[in-house]
Amino acid sequence: MASVDLNADLGESFGIWELGDDDAMLDIVTSANIACGFHAGDPVRLAGTCRSAAASGVRIGAQVAYHDLGGFGRRYIDVEPDELTADVIYQIGALQALAQAAGSTVGYVKPHGALYNTIVKNREQARAVASAVHTVDPTMPVLGLSGSAFFDEARRLGLRTVAEAFADRAYRPDGQLVSRREQGAVLHDPTQIAERVATMVTSGRATAIDGSVIDVQVESVCVHGDSPGAVEIATAVRKRLLAEGIELTAFI
């Protein structure tokens, strides 16, 4: 039976600000990319999300980001490589402690937002992030975009790479994500999204925003937990994949 991981970005509430429904998403996904306090999340919320993930049997990943709470990690920062490496090590370590306190562990790393998109092409920052992960744990997988500089640098260090596809984001013809600043970058219809994901997983192809058909590698599918209707989208995706006979299981 074919299988795929279903992940979501969680733990992104901060103080009095509620973002997403983590408990509902944890009943749907198999892996949780949990914020580490740099782009979102605060210690008490992150501790609670780790406990909920552990109780639900969902794998925990560290979602590392630029130090940008004000911009939700969606603004590019021209940070020095050594500083970026230290920032990523710091974030993994913080979440690892919270996960261990919850009876679980951090099993993988996924960059967030602007950092995720930057290290598709920016080899210097890609190397800095890969180096950080390798320094913390050379057996820890990284989740990201196939064909990226980040994957090149991760493999150079012997890290396992896990190719991710996005359920609710539009693709450019070159396989990268359409900028959130552009119209049509974020998809909203649960039925259409579920059908699109089923096609990506079963055929390895997706339709780009210009109508062209592109190849995609899919070991894990991401549904953004902060998107409007995230729970409905994730539910529709899960049901559609199961209907195709595809097993949903964490990649670690």
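1. On a 1 Å grid over the protein atoms alone, a pocket is an open set of points with protein on both sides within 12 Å along at least five of seven lines, a cavity is a set where a 1.4 Å probe fits but cannot get out, and lining residues have an atom within 4 Å of a point. This is a predicted model, in which local features need pLDDT of at least 70 and side-chain atom pairs count only at pLDDT 80 or more, while totals for chains, interfaces and linings use all residues. Residues are numbered from 1 along each chain as its sequence is written, and side-chain values use heavy atoms, with hydrogens and water left out.

2. The largest pocket has a volume of about 590 Å³, a volume being the space filled by probe spheres set on the points, which are joined across faces, edges and corners. Of the 27 residues that line the largest pocket, Gly113, Ala114, Asn117, Ser179 and Arg180 lie nearest its centre. Helix H4 (113-118) and strand E4 (106-111) each supply at least two lining residues, and H4 gives the most, with five.

3. The second largest pocket, with a volume of about 210 Å³, is lined by 14 residues, and Leu145, Ser146, Gly147, Asp174 and Gly175 are the closest to its centre.

4. The structure holds one cavity of 30 Å³ or more, and the largest cavity contains about 40 Å³ of space. Its lining is formed by Pro111, Tyr116, Ile119, Val120, Leu143, Gly144, Leu145, Ser148 and Phe150.

Notes
Helix = DSSP H or I, 4+ residues; strand = E, 2+ residues; numbered from the N terminus.
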